[in-house]
Amino acid sequence: MTGDIPDLAAELKALAQAPAPPMTLDLARARATGRRRLRRRRTWTIGVGAAALAAGLAAMPLVRPAPEPASAVTLSAGPAPLIAHASFGWLPEPIAGVGYQAGPHGDQILARERGDSGARIILSLYPDDREPAPGRFADGAEGVAVPARVHGRPAYWLTHDASDPLNGGDIYLRWQTAGGRWAELHAYYLNVADPQEVLLRVAAGVTVGDHAVPLPLRIGGMPAGFRLQEVQLWRPPLRGTGAWELQVFLSANGLPVTVNVSPAGGSPRPPKSTCTSATGLDLCVQVDGPVPASLRAIGGPRGLLDRITLLGADERDWTTQVIG
Amino acid sequence: MGGSPARDAEFTEYVTAKALWLRKVAYLLCGDWHAADDLVQATVTKLYTNWHRAGRADNVDGYARTTLLNTFLAERRAPWARLIVLRGTHDDVADHEGDVDAALDLRAALAALPPRQRATVVLRYFCDLSVEEAARTLGCSTGNVKSQTARGIDTLRRLLRTRPVASPEEYRA
């Protein structure tokens with residue numbers, strides 16, 4: 001191979017067709033092991049079921065439909081594009097920063113360590129004070145709740161297996177916050193000595209309440225025909241060595257126009273972009289396709305750059321009055 | 001509970017038909033045929049345990065694929081997995097012409113990706129899943145799938161010193 005992967009799908013199919021040794025799958029062993037697990041599960045279910053029934057009869061709970069999780073950050077059409085509904089407090093040492101992503105590709109508040117396999121802690125909120133049911137995992141397995149406490153309030157670890165509250169490292173902690181709303185932490189690649197203690201401490205530091213997320217730019221009025229689609233503030237950045245990077249995805253006459261901001265030299269310049277630098281920041285307008293008429297009307301990418309004021313690398317100078 | 005002849009027959013028929021497909025996905029995830037076989041063994045054992053659910057699923061293949069992915073990721077998260085070094089690259093694959101060299105380059109590049117990125121790339125480009133389907137399989141947001149895919153492709157491109165890789169949708173267009 002010369003290193004070319006013009007069609008990755010075809011290359012992967014070719015790789016999967018590579019000559020292979022005979023398969024060693026032992027179906028009889030799979031069935032025997034599976035049967036043993038089923039017997040254990042049945043015994044456990046009967047025991048726990050009896051205990052749960054006794055507890056349920058003693059204190060019949062008010063049955064209400066289980067709430068759906070809500071994102072902890074949303075996109076706003078107002079001057080502040082990102083509205084966070086909760087905030088992290090204390091975070092463990094490896095975490096390099098907290099980012100916010102809101103738009104059609106998913107909303108999340110994400111605390112990250114640097115590196116592809118660095119720790120990730122995602123914060124989500126539930127809409128009210130109803131305790132969320134464990135529900136099912138993506139593989140269809142019933143979630144199991146292992147009770148915990150956060151600041152003395154009810155909490156549980158959500159796992160496949162009651163004997164492993166940390167769920168094999170794909171960790172879920174749900175708890176009731178001080179104001180009554182339920183929240184969730186989803187963490188993985190968390191390489192710390194005591195993940196349970198660390199996540200309980202992270203949960204205890206979370207505060208619930210709306211606040212606009214300050215950003216490092218001001219756009220002097222959204223041009224006619226433009227619409228805000230998505231905002232992603234990555235901290236640390238996905239690529240490069242800077243402290244953060246911001247991507248503002250706009251739609252101009254239905255065509256994509258992206259505004260990228262990052263500390264000077266901290267992130268690679270996006271392809272097909274027109275860039276400038278000021279106040280220690282790089283600013284690029286990327287048009288990946290035909291130039292929309294509404295962008296041409298204000299002088300093309302350069303005209304949009306001229307409408308943007310950069311506020312510098314010091315986050316204390318950033319603003320929540322981003323658009324207008 | 002468990003072990004009824006009808007259930008066993010149904011399960012055996014399904015796994016017999018799909019084992020090679022599961023093995024291919026597992027090989028792309030593990031980069032090694034022996035590890036792939038171990039992963040398929042663990043997956044079909046779980047599948048048997050949950051066959052009452054899998055057998056009723058609208059999409060049994062999707063259920064099996066999700067089980068495989070979750071088993072792979074859970075194993076990679078376990079502390080011992082960090083110590084695993086892939087076995088020698090040529091011990092189980094005949095040394096053929098250029099195509100095999102190409103495959104080996106790609107295999108090494110895939111192995112360099114962190115497990116979640118590798119899983120995302122395999123789901124999107126080999127299993128041909130949409131962003132939404134991949135997100136459901138991995139139990140994460142679509143934004144997360146997009147960012148994992150972007151980083152995975154970027155790393156592959158860098159390792160293979162190649163031109164940009166188009167999305168599966170662009171190939172289909």
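How close do the axes of helix α1 (residues 5-30) of chain B and α6(B) come, and at roughly what angle do they cross? The two axes come within 9 Å and cross at roughly 140 degrees, where axes are lines fitted to C-alpha atoms, for helices over the stretch in contact, and angles run from 0 to 180 degrees between N-to-C directions.

The model is a predicted one, in which local features need pLDDT of at least 70 and side-chain atom pairs count only at pLDDT 80 or more, while totals for chains, interfaces and linings use all residues. Residues are numbered from 1 along each chain as its sequence is written, and chains are lettered from A and ligands numbered from 1 in the order in which they are written.

## The two chains

Helices (H or I, at least four residues) and strands (E, at least two) are DSSP runs, numbered from the N terminus. A residue is called buried if 20 or more other C-beta atoms lie within 10 Å of its own, exposed if 12 or fewer, and partly exposed in between, with C-beta atoms placed from the backbone. Two residues are in contact if their C-beta atoms, placed in that way, lie within 7 Å.

| Chain | Helices and strands | Residues | Buried | Contacts joining residues at least 24 apart, among those at least 6 apart in sequence |
|---|---|---|---|---|
| Chain A | five helices, 18 strands | 324 residues | 35% | 57% |

Read along the sequence, chain B follows the pattern α-α-α-α-α-α-α-α-α. Two packed helices are described by the angle between their axes and the distance between the axes.

Returning to the opening pair, α1(B) and α6(B) are therefore oblique to each other; angles under 35 degrees count as roughly parallel, over 145 as roughly antiparallel, 65 to 115 as roughly perpendicular and the rest as oblique. α1(B) passes α6(B) in a right-handed crossing, a crossing being right-handed if the near helix is turned clockwise from the far one by less than a right angle, and left-handed if anticlockwise. On the α1(B) side the contact is made by B:Val25, B:Leu28 and B:Leu29, and on the α6(B) side by B:Arg118, B:Ala119, B:Val122 and B:Phe126. The residues of this contact of α1(B) with α6(B) comprise six nonpolar, no polar and one charged, where Ala, Val, Leu, Ile, Met, Phe, Trp, Tyr, Cys and Pro count as nonpolar, Asp, Glu, Lys and Arg as charged, and the others, Gly among them, as polar.

Helix α6 (residues 115-126) of chain B also packs with helix α7 (residues 131-138) of chain B, their axes coming within 10 Å and crossing at roughly 135 degrees. This angle makes α6(B) oblique to α7(B), and the crossing of α6(B) and α7(B) is right-handed. B:Ala119, B:Thr120, B:Leu123 and B:Arg124 in α6(B) meet B:Ala134, B:Thr137 and B:Leu138 in α7(B). By class, the contact of α6(B) with α7(B) has four nonpolar, two polar and one charged residues.

## Strands of chain A

Strands of a sheet pair through backbone hydrogen bonds, either parallel or antiparallel; here two strands pair if DSSP finds at least two bridges between them.

Strand β5 (residues 108-113) of chain A is mostly covered, with six of its six residues buried. In a regular strand the side chains alternate between the two faces of the sheet. Strand β4 (residues 95-102) of chain A pairs with β5(A) in the antiparallel sense over six bridges, and A:Leu110 in β5(A) is the bridge partner of A:Gly99. Four bridges join β5(A) to strand β6 (residues 120-125) of chain A, again antiparallel, and in β6(A) the bridge partner of A:Leu110 is A:Ile122.

An open sheet of three strands in chain A has the order β2-β3-β11, with antiparallel pairing. β2 (73-75) and β11 (207-212) of chain A stand at the edges, each with a single partner strand, so one side of each is left without a neighbour in the sheet. Neighbouring strands of this sheet are turned by 15 degrees against each other on average, direction ignored. Strand β3 (residues 82-87) of chain A and β11(A) pair over four bridges, with A:Ile83 opposite A:Ala212 in β11(A).

## A loop residue of chain A

A:Arg307 lies in the loop between α5 (300-306) and β18 (308-310) of chain A. A:Arg307 is partly exposed, because 15 other C-beta atoms lie within 10 Å. Leaving aside neighbours within four places in sequence, A:Arg307 is in contact with A:Ile219, A:Gly220 and A:Gly221. The C-alpha atoms of A:Arg307 and A:Pro223, 84 residues apart along the chain, are separated by 9.1 Å.
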